[in-house]
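Let's go through this one together, feature by feature. Have a look at it before we start.

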Amino acid sequence: MRAHIVYTGGTIGMVESAHGLVPGTQLPAWLEGQLAGTSLAGATISSLEPLIDSANATPESWQAVIDELRQHASSADAFVVLHGTDTLAYTAAALSYALTDLPQPVVLTGSQLPLGVVGSDAAANALGALQAATSGRAQGVSLFFGQRLLVGNRSTKTSSWSFTGFTSPAAPPLAVAGAPWQWAAPSGQAPAPGGSRPRPYRRHDVVVVDLVPGITARRLAALLDPAPEAVVLRAYGVGNVPAAEPGLAQVVAQSVQSGTAVVVASQCPQAQVLLGHYEAGDAVARAGAVGSGDMTLEALYTKLQFLLSQGLHGPQLAQAVGRPLCGELTVAD
């Protein structure tokens with residue numbers, strides 16, 4: 001199976017500089033050495049220009065990766081993307097929405113330590129991602145890290161130091177590396193490749209606001225002025241907001257009336273947002289807000305950017321958030 005690797009930057013290939021770690025150019029040669037003598041020795045490698053620290057990623061960065069993958073689609077059977085861990089889950093989710101028409105599996109990975117550091121997880125993650133991508137069992141976009149293969153748009157970073165730094169709170173691992181690998185039964189959530197190519201990502205004004213005890217309507221209103229295209233309100237539990245705070249629900253209603261899509265998410269890593277379950281969530285639902293189901297923040301934020309890039313706005317955008325595109329949320333029976 002022909003594999004192609006796209007190197008975007010990130011800790012996995014970083015080197016020391018006078019101002020801390022920066023993306024380095026040595027990774028392709030290192031990786032070729034790692035693959036020499038193996039069944040994957042024929043894998044091809046390309047690097048984005050410029051390489052970036054993933055903390056600097058933008059929707060345009062996601063599109064650059066997408067364009068690179070499409071450029072090699074006719075000559076590769078599987079893809080691996082080497083990426084920084086800070087926004088790895090965002091890129092995985094973004095790629096999942098934009099590449100539903102791509103038949104090849106795409107596996108993203110990175111590392112907590114650079115390849116040149118003793119004890120680094122770089123080799124294990126890079127080779128594991130290649131094994132997963134060329135296994136014949138991976139589908140769509142997934143994320144390999146710390147010996148686990150996770151659904152790409154269900155993943156989130158949970159540790160800045162652990163070698164198992166990612167998890168998927170609402171979906172079990174697709175596989176666990178071992179001798180042999182342990183693969184889960186197919187969930188049926190990954191759509192079959194097909195359909196038309198979506199419009200490219202463009203940067204849109206999406207705001208994320210954490211609600212905290214004591215936040216006032218005046219402060220929330222100030223955060224939403226000027227009105228963004230969409231706002232994610234990260235609330236408590238199943239979508240509870242401080243609805244007893246005078247004027248807060250009215251701020252939400254005014255935002256909706258101004259054309260802003262208001263989406264309520266949960267601050268809990270594991271949660272299913274149910275806006276009408278408590279009175280504290282019903283107030284914003286009546287004001288026009290919608291819930292995010294069990295999507296991670298990364299999946300929700302990138303989905304809003306994707307839908308806005310497809311031309312959806314206001315009520316149309318808000319309603320589209322709850323419709324699954326490629327397994328990013330659980331559909332209630």
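Q: In which handedness does α8 pass α9?

A: A crossing counts as left-handed if the near helix is turned anticlockwise from the far one by less than a right angle, and as right-handed if clockwise. Here α8 passes α9 in a right-handed crossing. Helices (H or I, at least four residues) and strands (E, at least two) are DSSP runs, numbered from the N terminus.

Q: Before we go on, what kind of model is this?

A: This is a predicted model, where local features need pLDDT of at least 70, side-chain atom pairs count only at pLDDT 80 or more, and totals for chains, interfaces and linings use all residues. Residues are numbered from 1 along each chain as its sequence is written, and side-chain values use heavy atoms, with hydrogens and water left out.

Q: At what angle do the axes of α8 and α9 cross?

A: Two packed helices are described by the angle between their axes and the distance between the axes. Axes are lines fitted to C-alpha atoms, for helices over the stretch in contact, and angles run from 0 to 180 degrees between N-to-C directions. Helix α8 (residues 297–309) and helix α9 (residues 314–321) cross at roughly 135 degrees, and their axes come within 10 Å. Angles under 35 degrees count as roughly parallel, over 145 as roughly antiparallel, 65 to 115 as roughly perpendicular and the rest as oblique. So α8 and α9 are oblique to each other.

Q: Which residues of α8 and α9 meet?

A: Contact means heavy atoms within 4.5 Å. On the α8 side you'll find L300, K303, L304, L307 and L308, which meet L317, A320 and V321 in α9. By class, that contact of α8 with α9 has seven nonpolar, no polar and one charged residues. (Ala, Val, Leu, Ile, Met, Phe, Trp, Tyr, Cys and Pro count as nonpolar, Asp, Glu, Lys and Arg as charged, and the others, Gly among them, as polar.)

Q: How far apart are the axes of α2 and α3?

A: The axes of α2 (residues 59–71) and α3 (residues 88–98) are 10 Å apart, at an angle of about 55 degrees. That makes α2 oblique to α3, and their crossing is right-handed. In α2, W62, V65, I66, L69 and R70 meet Y90, T91, A94, L95 and A98 in α3. The contact of α2 with α3 divides into eight nonpolar, one polar and one charged residues.

Q: How many helices and strands does the protein chain have?

A: The protein chain has nine helices and 16 strands.
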